[in-house]
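Okay, thanks for coming, everyone.

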Amino acid sequence: MTSTKKQTQVRLEEDVLAAGKAAAAARRLDFNRYVERLIIEDTTGARAAGMAAAQRLIDEHGTFLDDLEEQLDAPYAEPQPGAAA
């Protein structure tokens, strides 16, 4: 059985390659699958659709999320009585 996949070579700066490998590992993908997925998401519009949805969420609920974050962080903003400085 032969693979329909084609091999290619990509030259990347060392830091870009390291960042890509780290991102792939964080997603539990091998580097080749990660690059393949990025290309598919970019060329099918999936990435743009996701970014547009995220922007709509921020536009519609950003103030609520900011307020919620402030409330959740408030207990940690001031030193607690008896806590070491």
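Let's start with a pair of side chains: Glu36 and Arg33 meet in a salt bridge, 2.9 Å from N to O. By salt bridge I mean a side-chain nitrogen of Lys or Arg within 4 Å of a carboxyl oxygen of Asp or Glu. Quick housekeeping before I go on: this is a predicted model, so local features need pLDDT of at least 70 and side-chain atom pairs count only at pLDDT 80 or more, while totals for chains, interfaces and linings use all residues. Numbering runs from 1 along each chain as its sequence is written, and side-chain values use heavy atoms, with hydrogens and water left out.

Back to that pair. Glu36 and Arg33 both sit in helix α2, three residues apart, which is about one turn of the helix. Helices here are DSSP runs of H or I, at least four residues, and strands are runs of E, at least two, numbered from the N terminus. On exposure, the cut-offs are under 20% relative accessible area for buried, over 50% for exposed, and partly exposed in between, with a 1.4 Å probe and protein chains only. Arg33 counts as partly exposed at 36%, and Glu36 is partly exposed too, at 27%.

Now, which other residue does Glu36 pair with? That's Lys5, with the closest N and O atoms 3.7 Å apart. Lys5 lies in the segment before α1 and Glu36 in helix α2, so this pair ties together parts that are 31 residues apart in sequence. Lys5 is exposed, at 58% relative accessible area.

Further along there's Glu41 with Arg37, closest N and O atoms 3.3 Å apart. Those two are four residues apart in helix α2, so about one helical turn separates them. Glu41 is partly exposed at 23%, and Arg37 is partly exposed at 34%. As for shared partners, salt bridges join Lys5, Arg33 and Glu36 into one network. Searching the whole structure gives four salt bridges.

Zooming out: the protein has three helices and zero strands, running α-α-α from the N terminus. How much of it is buried? Buried residues make up 6% of the 85 residues. The accessible surface is about 8,000 Å², and 55% of that belongs to carbon and sulfur atoms. Those areas are Shrake-Rupley with a 1.4 Å probe, and for residues only the protein chains shown count as cover.

On that surface, Leu57, Phe64, Leu65, Leu68 and Leu72 make a nonpolar patch of about 480 Å². Patch residues have over 30% relative accessible area and no salt bridge; like charges are joined within 9 Å, and nonpolar side chains (Val, Leu, Ile, Met, Phe, Trp, Tyr) within 5 Å. Leu72 belongs to helix α3, residues 46-77, and counts as exposed at 54%.

Most residues other than glycine have a negative phi. Arg28 has a positive one, near 60 degrees. You'll find Arg28 in the loop between α1 (14-26) and α2 (31-44), and Arg28 is exposed, at 79%.

Last stop, the largest pocket, with a volume of about 450 Å³. Of its 13 lining residues, Lys6, Thr8, Asn32, Val35 and Glu36 are closest to the centre. A pocket, on a 1 Å grid over the protein atoms alone, is an open set of points where a 1.4 Å probe fits, with protein on both sides within 12 Å along at least five of seven lines; lining residues have an atom within 4 Å of a point. Points join across faces, edges and corners, and the volume is the space filled by probe spheres set on them. The lining has five nonpolar, four polar and four charged residues. For those classes, Ala, Val, Leu, Ile, Met, Phe, Trp, Tyr, Cys and Pro count as nonpolar, Asp, Glu, Lys and Arg as charged, and the others, Gly among them, as polar.
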